[in-house]
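Here is a short briefing on one protein. Look over its sequence and its fold before reading on.

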Amino acid sequence: MIIYSEKVMEHFMCPQNVHSMPDADAEGSYGDPACGDYLTFYLKVKDSRIEKISYLVFGCCASIATSSMTSVLAKGKTLEEALNITEEDIVRALDGLPEKKLHCSNLGVSALRNSINNYLIKNRMENFYENSNSSR
Ligand code: FES
């Protein structure tokens, strides 16, 4: 039997920031090929800081709790700070995960990094086109 911490159960039963975001500045996903669990993060960014973050997740109890905790840890952080959030940070914030479920924290970190990278790429492209149009 898998035993979860109270913190994991709290985030599983009442996940924070779980909803889609039609006006997101960027989104990024990650799926665990081993179990099929899938997570998409949505970001609203202002002055290089994550102003709003939400997600939709399909997966196990631990993936729901880690998605929720990842969103809590990332909210209000600069993009650089959020890129530095690790699996260990998430596991620590959840007061631990059972050994078998440690890999679930990778879902949160990978989807968060993909969403930030997509934001940075999109922003650079927009800046590039703005600059190239203004130089004509
Ligand atoms: S079992 Fe797939 S992410 Fe948890």
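The points below go from the whole chain to single residues.

This is a predicted model. The protein has five helices and three strands. Of its 136 residues, 40% are buried.

**Overall layout**
- Starting at the N terminus, the order of elements is α-β-β-β-α-α-α-α.
- Along the principal axes, the C-alpha atoms fill a box of roughly 65 × 30 × 25 Å.
- Take the contacts between residues at least 6 apart in sequence: 62% of them join residues at least 24 apart.

**Surface and charge**
- The accessible surface of the protein is about 7700 Å².
- Carbon and sulfur atoms account for 52% of that surface.
- The protein carries 14 positive and 18 negative side chains.
- The centres of these two sets lie 3 Å apart.

**Helix 5**
- Helix 5 covers residues 104–134, which is 31 residues.
- At 1.5 Å a residue, helix 5 should span 45 Å.
- Several residues of helix 5 are buried, including Cys 104, Leu 107, Val 109, Leu 112, Ile 116 and Tyr 119.
- Which elements do the buried residues of helix 5 pack against? They pack against strand 1 (26–31), strand 2 (38–46) and strand 3 (49–58). They also pack against helix 2 (61–74), helix 3 (79–83) and helix 4 (87–93).

**Ser 67, a buried residue**
- Ser 67 sits in helix 2.
- Is Ser 67 buried or exposed? Its relative accessible area is 0%, so Ser 67 counts as buried.
- Beyond its neighbours within four places in sequence, Ser 67 is in contact with Leu 39, Phe 41, Tyr 55 and Val 57.

**Salt bridges**
- Side chains of opposite charge can pair when their charged atoms come close.
- How many salt bridges are there? The count is three.
- Lys 44 pairs with Asp 23, and their closest N and O atoms are 3.9 Å apart. This pair links distant parts of the chain, 21 residues apart. Lys 44 is in strand 2, while Asp 23 is in the loop between helix 1 (6–13) and strand 1.
- Asp 25 also forms a salt bridge with Lys 44, with the closest N and O atoms 3.5 Å apart. Asp 25 lies in the loop between helix 1 and strand 1 and Lys 44 in strand 2, so this pair ties together parts that are 19 residues apart in sequence.
- Asp 89 and Arg 92 meet in a salt bridge at 3.3 Å, N to O. Both residues lie in helix 4. They are three residues apart, about one turn of the helix.
- Shared partners join Asp 23, Asp 25 and Lys 44 into one network of salt bridges.

**Cover around the charged residues**
- Lys 44 has 18% relative accessibility, so Lys 44 counts as buried.
- Asp 25 is buried as well.
- Asp 23 has 47% relative accessibility, so Asp 23 counts as partly exposed.
- In helix 4, Asp 89 is partly exposed, because its relative accessible area is 26%.
- Arg 92 is exposed, because its relative accessible area is 57%.

Key:
Residues are numbered from 1 along each chain as its sequence is written. This is a predicted model: local features need pLDDT of at least 70, side-chain atom pairs count only at pLDDT 80 or more; totals for chains, interfaces and linings use all residues. Side-chain values use heavy atoms; hydrogens and water are left out. Helices (H or I, at least four residues) and strands (E, at least two) are DSSP runs, numbered from the N terminus. Buried means under 20% relative accessible area, exposed over 50%, partly exposed in between (1.4 Å probe, protein chains only). Contact means heavy atoms within 4.5 Å. Accessible areas come from the Shrake-Rupley method with a 1.4 Å probe; for residues, only the protein chains shown count as cover. Lys and Arg count as positive and Asp and Glu as negative; His and the chain ends are not counted. The place of a charge is taken as NZ of Lys, CZ of Arg, CG of Asp or CD of Glu. The expected span of a helix is 1.5 Å times one less than its number of residues. A salt bridge is a side-chain nitrogen of Lys or Arg within 4 Å of a carboxyl oxygen of Asp or Glu.
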